[in-house]
Amino acid sequence: MDVLHITDLEAAINHWRQRAPAGPGAALAPELAALAEVYARMVIEHRDELDAAHLPAAARRAWLVWYAGTPDAPCIAVCSTAQGDAVCKGCGRTEAEVRDWPALGPWAKRAVWRRITREGTALRFTRYAERAR
């Protein structure tokens, strides 16, 4: 199941706030309004995740525009899965995630990004952080 996590939704909202600031009378850009409606619903329902299949079309389009501007792979060219590690010391992905990355959709890729960021143990988040930028 593809899910939208609230942290990705917040990042997309901030992207659109910078890209299309509120207009006269504090009117929100359509993309921002669509995302804000989903965000409000999630907050009211005390949810961290939402099945992506339930996203309104406008919110899905706005999220995908934000997603297109994010880094695709977390690789920092310090791959240890090629040397037999089950989890890459460089990026934190499992061997299967590294292998299947090109076939993963945006929702699955963001789930991996959230996990490796939360764990923060890969070199991409430690002494090689400047390389990741």
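This is a predicted model: local features need pLDDT of at least 70, side-chain atom pairs count only at pLDDT 80 or more; totals for chains, interfaces and linings use all residues.
## How the two helices pack

Let's start with the helices. Two packed helices are described by the angle between their axes and the distance between the axes. Here, helix 1 covers residues 6-19 and helix 2 covers residues 30-44; their axes lie 10 Å apart and meet at an angle of about 150°. Angles over 145 degrees count as roughly antiparallel, and helix 1 and helix 2 are therefore roughly antiparallel to each other. The crossing of helix 1 past helix 2 is left-handed.

## Who touches whom

## Two residues with positive phi

Now to the loops. Ala26 sits in the loop between helix 1 and helix 2. Its phi is near 65°, a positive value in a residue other than glycine. Exposed means over 50% relative accessible area, so Ala26, at 58% relative accessibility, counts as exposed.

His46 belongs to the loop between helix 2 and strand 2 (49-51). This residue is not a glycine either, yet it has a positive phi of about 55°. With a relative accessibility of 74%, His46 counts as exposed.

Key:
Residues are numbered from 1 along each chain as its sequence is written. Side-chain values use heavy atoms; hydrogens and water are left out. Axes are lines fitted to C-alpha atoms, for helices over the stretch in contact, and angles run from 0 to 180 degrees between N-to-C directions. Helices (H or I, at least four residues) and strands (E, at least two) are DSSP runs, numbered from the N terminus. Angles under 35 degrees count as roughly parallel, over 145 as roughly antiparallel, 65 to 115 as roughly perpendicular and the rest as oblique. A crossing is left-handed if the near helix is turned anticlockwise from the far one by less than a right angle, and right-handed if clockwise. Buried means under 20% relative accessible area, exposed over 50%, partly exposed in between (1.4 Å probe, protein chains only).
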